[in-house]
Structure formats: C-alpha cells, structure tokens
Amino acid sequence: MNSVGIARLAGVGRAAVSNWRRRYPDFPAPVGGTESSPLFDLAEVREWLRKTNKLPAGESPESATEAVWNLLDPLREHMDGADAVALLGAALVLRRQGVDLAQLSDGELRDRLLSCLDVGAAPPEVPDPAGLRRILTEAVAQTGDAAEESFERLHQRYLTSVARHFFADTPEIGALIANLAVPPGGTVFDPSCGSGTLLHAAASQVPDIAVHGQELHPAPARLARVRLLLAGARPDIRCGDSLRADRFDGLAADAVIAHPPFNQADWGFEELSLDPRWRYGTPARKEPELAWVQHALAHTRPGGTVAVVLPPTVASRGSGRRVRRELIRRGALRAVIALPAGLAPPMGVPLTLWVLHNPEDGTAPADGVLLFDASDSRVEGSGGDPARSWPAMAERIAAVYRAFAEDPGAVAEEPGRFRVVPLADLLDEAVDVSPGRHVQRPGADAGQLDETRDDLVRLSEDLVTSLPGLRPAAGTLHLAMTTLGELSRIGGLEILYRRSGEEPADGEPSLPALTGEDIERDTAPSGRVRLDENTVRLRPGDVVLPRVSRRPVARVVTDEQAALHGSAYLLRPDPKVVDPWFLAGFLTGAGACAAAVSTSRPGVTRITELRRVEVPRLPLEDQHAYGEAFRRLTEFRRTLRRTTEVGDRLWRLLIEGLATGTLRPGEPEEEKKD
C-alpha cells in the first residue's frame with residue numbers, strides 16, 4: 001500500500017503519514033515502489049498503527065474498506081481494477097453458497113471463480129492460484145458477515161479510483177428509476193449497464209425480478225454480475241455493443257432502464273440506418289440518445305415501461321424533432337422530468353429522465369405528457385427548505401407520476417413544478433419537451449410582495465443607523481506607525497498561514513476553509529483543506545486577508561466554523577494589545593499594504609512581505625474607537641448588499657406578477673379609497 005492508503009486507513013491526511021516516517025524510527029520500511037512513491041506492507045503498517053494507537057477506536061467501515069482495498073493491490077497490478085474487485089465478489093458469492101476456498105484445488109478455484117464472472121467475453125487472466133487463494137481468503141475474512149454491504153462500499157472505493165475514466169450511476173437515480181418503472185416479479189433490462197448500479201437498485205428495491213444487462217466493456221460487466229449475485233438477483237449480464245451487436249435479440253422486458261453514453265460520435269449511424277428498431281424515425285447522426293431510446297422501446301413488451309436518463313438538449317435539439325414528434329403522436333412518451341445537478345453523472349450539469357411506454361396495439365395515446373421540473377431540488381441537504389431535499393422530491397415525483405399513470409386528466413397543475421401538457425401544445429414546430437419551457441413559474445402572491453416590501457423598508461432604515469458618526473480631521477493624524485512584524489515580535493499578534501495548499505483527496509478527513517476569494521467577496525467558506533498537522537482552525541477575533549486580491553481587504557472572523565485556506569493569511573491579535581476591528585479596518589484601507597505588495601498584473605495586488613505592512617501605533621482606547629467605526633462600516637456594507645438583493649427580488653416578483661396576470665397596473669383599492 002502507498003502513503004495515501006495508509007492515510008485512509010488511519011483517518012488522517014497524507015502529510016501526517018510523511019511526518020510519521022520522519023519522526024518515528026520504527027515506522028515500517030518501504031517494501032517496493034520508488035523513492036518518491038514508496039509502497040509498504042499492509043500487515044506491518046496495521047501492526048505499527050495499532051501499537052502506536054493511531055488506528056481509530058473501533059475500526060470504521062471506511063477504514064475496513066480501505067484495508068480490503070489494499071489487500072487487492074497485488075491483483076490490481078496484473079489486471080483491471082474492476083476485475084480485481086469482481087474476483088473478491090465471486091469469492092463472497094462462493095462463501096454464501098457454502099464453498100470453502102481452502103478446500104478447492106487450484107483448477108477448481110479458478111473455474112468456480114470465473115463461472116461467477118461469465119459475461120460471454122474472454123475471462124480475465126487469473127494470477128498465481130496460491131497467491132490468489134491467500135489474498136481472497138484474507139479479504140473475505142476482512143469483509144465480515146455483511147458481505148453485500150461490505151462489497152458495495154468496496155465498489156464505491158473502486159469508483160473513486162477511476163472517477164476520471166469511468167462513467168457510473170448513483171444509487172439515488174437508481175432508486176427513483178426503480179420506483180417509476182420496475183414492476184414486482186417482472187423482467188428488467190439495462191442495455192448500457194456499466195457496473196450495474198441501476199439494476200442493483202432495482203433488484204434491491206423491487207422483489208422477485210429477473211435482471212438482464214449488456215455492457216460494452218468486459219470488466220465492468222463482470223463487476224455488475226457479481227454485485228447482482230450478492231444482491232440475491234438472477235442476473236443475465238452479457239458483454240457487447242448494444243446498438244451494433246445486440247446480445248438480447250428477441251427480449252421483451254417489462255421494464256427497460258438505462259443511462260446510455262452521451263454524445264457518441266461513432267454509434268453506428270451508417271450501418272444501422274435501415275435498422276428495424278427505428279420505428280419512430282431514423283435517428284440523426286448527432287442524436288445517438290434517441291437511438292438508445294428506440295433500442296430500449298424495441299426491448300419492451302407492449303404496455304411495458306422505459307426510463308432513460310438523457311442530457312437536457314435531447315428535449316429540444318432541432319435534429320431530433322421528427323423522432324420526438326412520433327414518440328408524442330403515437331403515445332410513447334409519457335413524462336419528462338428535469339433532474340438536479342449532482343444526482344447522476346455528469347455531476348456538474350442537470351439531466352432529464354424520460355419515461356416512456358411501448359404502446360399496445362389499438363390503444364389511444366394519453367391526453368398529454370407529464371412535464372415535471374425538479375431541477376431546483378438539493379441532492380445534499382435542503383438549503384433550508386426540506387421540501388426541496390432530494391428524498392422528499394423523489395417521493396413527490398413518484399406520487400405525481402403514479403397519479404398521472406392512473407388518470408392523466410386528474411392531475412392538477414402545480415405552477416413552477418409540474419403540468420400535464422396536451423399533445424397539441426407539444427406538436428408545434430419545435431416539438432420541445434423541456435419542462436422549463438412549459439411549466440410556468442408561479443406569479444407573486446400578496447403575502448410575498450408585502451413581506452419583501454417590508455424587508456426592503458427595514459433594510460433601508462438599517463442603512464442609515466449603521467453608519468458611524470465621523471468628523472473631519474485637520475492634517476495627517478497617524479504619524480506614528482508600526483509594522484505587523486514589530487507587533488508580532490512584542491506579542492501583540494500571531495502571524496499564521498497554512499503551509500500546504502494541497503486539496504484533500506476523496507475520502508480524506510477535511511474541513512471547510514475560508515479562501516482568499518471568500519474574504520474578498522465577504523462570503524461563507526467555500527474551500528476545503530485536509531485535516532492534518534498544517535490545519536489552522538479559525539477563532540472569533542482572528543483577522544484574515546487574502547494573499548492575492550484586486551484591492552486591499554481584511555475580515556474579522558466572528559462565527560465561521562472553518563479552517564484557513566492556503567490562499568489567505570491569518571493574524572491572531574492579543575485583544576489586550578490590538579483591537580481586531582481596528583486592525584482589519586486599517587488593512588482594508590488603500591495605503592496600508594502598499595509597502596508589502598507587488599503588482600504583477602494590472603488590477604491585482606499580491607502581499608509578498610506581510611511583516612512589512614504598517615498600521616498606526618495608537619493606545620488601546622483609541623483603537624477601540626476606530627474599531628467600532630470600522631465594524632459599523634462593515635455592517636453598513638453588508639446591509640447595503642442585502643438591500644440590493646431584496647430590491648432585486650422585489651423587482652422580479654413585480655415583473656413576474658404583471659407578466660403572469662397576478663398583478664394589474666394601478667394603485668391598491670385601499671389606497672384609492674383613502
């Protein structure tokens with residue numbers, strides 16, 4: 001294992017491991033790797049961590065997962081990481097079947113393991129049987145009794161190691177799709193199953209289903225198969241290109257679920273131009289997603305359901321108009337749901353979920369298509385509004401869709417959230433089924449307007465009262481100056497900074513951090529830093545300033561529960577010597593940092609010699625007077641910003657109210673009577 005693995009095992013940062021190697025002569029010596037990236041023996045490291053009380057008390061699931069992951073290092077050196085994890089999954093399946101790995105001959109061990117990984121492709125090259133037996137036996141023992149839960153954590157650990165190279169779904173999107181599309185006791189098919197997350201969610205959530213999946217790459221397909229076996233499913237996973245080489249010809253499933261690859265340049269447009277699957281029109285060269293949609297429909301029994309995750313542009317691109325028109329006209333498209341960013345990859349953008357069904361012969365299409373806009377929900381946390389949290393939103397989506405499936409005409413519109421749009425309204429020139437285009441935002445109600453007006457009036461009054469009383473001064477008042485270096489030397493303040501600016505790796509202990517940009521914008525902490533010996537936690541009364549900024553600025557820490565980022569400096573004044581608001585105010589003044597900055601780019605200042613920064617030398621009583629004035633000016637600035645925000649919100653409410661018809665020009669009736 002490497003230093004990162006040791007850090008994960010002990011729940012510390014990588015810098016702590018480097019520090020242990022320097023400080024402790026008995027730290028295990030490297031057994032391989034290079035001088036810059038050494039490798040250590042896992043057993044020796046665990047024993048040293050236990051001996052020095054550096055393993056967390058009561059080993060956490062994450063630490064146990066890391067230990068198993070490191071046990072698989074020798075396998076990952078000789079094969080795809082997915083295959084290494086899948087081999088352990090196969091060993092867990094055999095254990096569940098009552099097989100003792102130690103009692104199998106080398107040939108039997110290989111054959112039994114590979115039978116669990118059979119996806120119709122060439123099997124992986126299995127390493128030396130003796131070494132394989134030892135590794136798998138120890139790893140199986142480490143997983144404990146909860147094999148499926150342990151293996152799922154190991155699967156997530158594998159995904160973090162290939163995050164930049166592998167496309168994987170999330171359990172959240174899998175649970176929603178299973179709730180919308182998968183019937184109990186039915187047959188479910190995923191033609192682009194990857195490592196099987198959508199099928200795994202369906203098998204875990206819906207009883208007695210038969211699962212089928214196809215995946216282009218053999219290693220993820222094998223991983224999908226063992227995950228489903230451990231979940232108790234009856235998986236049929238096959239390897240191959242679904243569009244070009246369909247391995248399930250003739251399958252008519254009760255439900256097809258998919259999150260196909262996006263924007264495929266070479267999906268088979270030329271050779272598949274006359275394919276019988278294109279019942280709703282031949283997909284354009286730049287519409288591979290609509291080829292996947294029709295492939296899914298071709299594998300669905302009459303009356304069965306399809307749920308496909310697609311990029312938002314598929315709902316409106318001009319090249320897909322003809323296919324969208326036929327899907328709507330013939331009653332195949334039932335719902336389009338706008339999803340929030342972060343629910344499924346790619347994580348940086350929102351997606352849409354299309355729900356379709358394979359129309360039965362002789363049945364009339366539904367009266368409309370359900371369009372649901374959930375793009376503003378929060379995947380992590382609720383942002384202060386529990387109704388916008390993803391679990392609550394997922395339940396709402398499922399409830400509305402079930403009501404729509406039973407009786408489309410009975411679903412009343414909720415402005416700003418969902419609406420059943422008549423087919424005639426969709427079959428226009430654009431054939432745009434984007435929820436945001438058809439789900440009208442609600443107009444402002446009287447309560448919102450009154451509340452926002454009251455906020456604006458209150459903030460306007462606060463603006464006046466927050467200004468300090470100031471009087472003109474004759475001449476230059478601040479003749480005696482001192483430097484931050486001198487104040488530090490006499491104990492008036494500490495100068496602190498984070499020595500390492502490296503971002504925390506996935507799974508590493510970390511803290512939110514106040515960055516230089518946060519200080520300049522006066523916003524909440526937006527960065528993160530590793531929790532290690534370099535961590536500097538912020539305290540009330542600290543003064544922070546950015547190393548690089550567009551203008552001089554400093555900020556007094558009040559209640560931020562955060563650490564210092566590498567892009568900022570921290571001054572910790574002794575309140576008996578230096579008033580923090582006095583210090584921050586003068587550091588924000590235009591000339592305070594002039595002697596310690598460089599201007600390598602126009603409009604950008606970089607503090608290069610913090611100790612040379614000068615502030616006035618004043619008695620503490622005078623500092624308090626200046627500090628109170630600077631504090632009130634800071635509050636004035638913040639109130640001014642809030643006033644602008646509330647004024648902008650009031651403007652938006654009034655504009656939308658007039659545009660949607662909830663407001664009319666003219667004075668309110670009460671004012672007219674007066």
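Biologist: Which residue in S20 stands opposite valine 543?

Modeller: Leucine 571 stands opposite valine 543. This is a predicted model: local features need pLDDT of at least 70, side-chain atom pairs count only at pLDDT 80 or more, and totals for chains, interfaces and linings use all residues. Residues are numbered from 1 along each chain as its sequence is written, and side-chain values use heavy atoms, without hydrogens or water.

Biologist: Which strands pair with S20?

Modeller: Pairing requires at least two DSSP bridges between two strands. Strands are DSSP E runs of at least two residues, helices are H or I runs of at least four, and both are numbered from the N terminus. Here S16 (residues 543–546) pairs antiparallel with S20 over 4 bridges. S13 (residues 493–496) also runs antiparallel to S20, with 4 bridges. Leucine 571 is the bridge partner of isoleucine 495.

Biologist: How do I read the two faces of a strand?

Modeller: Side chains in a regular strand alternate between the two sheet faces. In S20, Ala568, Leu570 and Arg572 point one way, Tyr569, Leu571 and Pro573 the other, and all are buried (under 20% relative accessible area; exposed is over 50%, partly exposed in between; 1.4 Å probe, protein chains only).

Biologist: How many salt bridges does the structure hold?

Modeller: It holds 34. The criterion is a Lys or Arg side-chain nitrogen within 4 Å of an Asp or Glu carboxyl oxygen. One of them joins glutamate 270 to arginine 285, closest N and O atoms 2.5 Å apart. Both lie in the loop between S6 (253–258) and H13 (288–298), so the pair ties together parts 15 residues apart in sequence.
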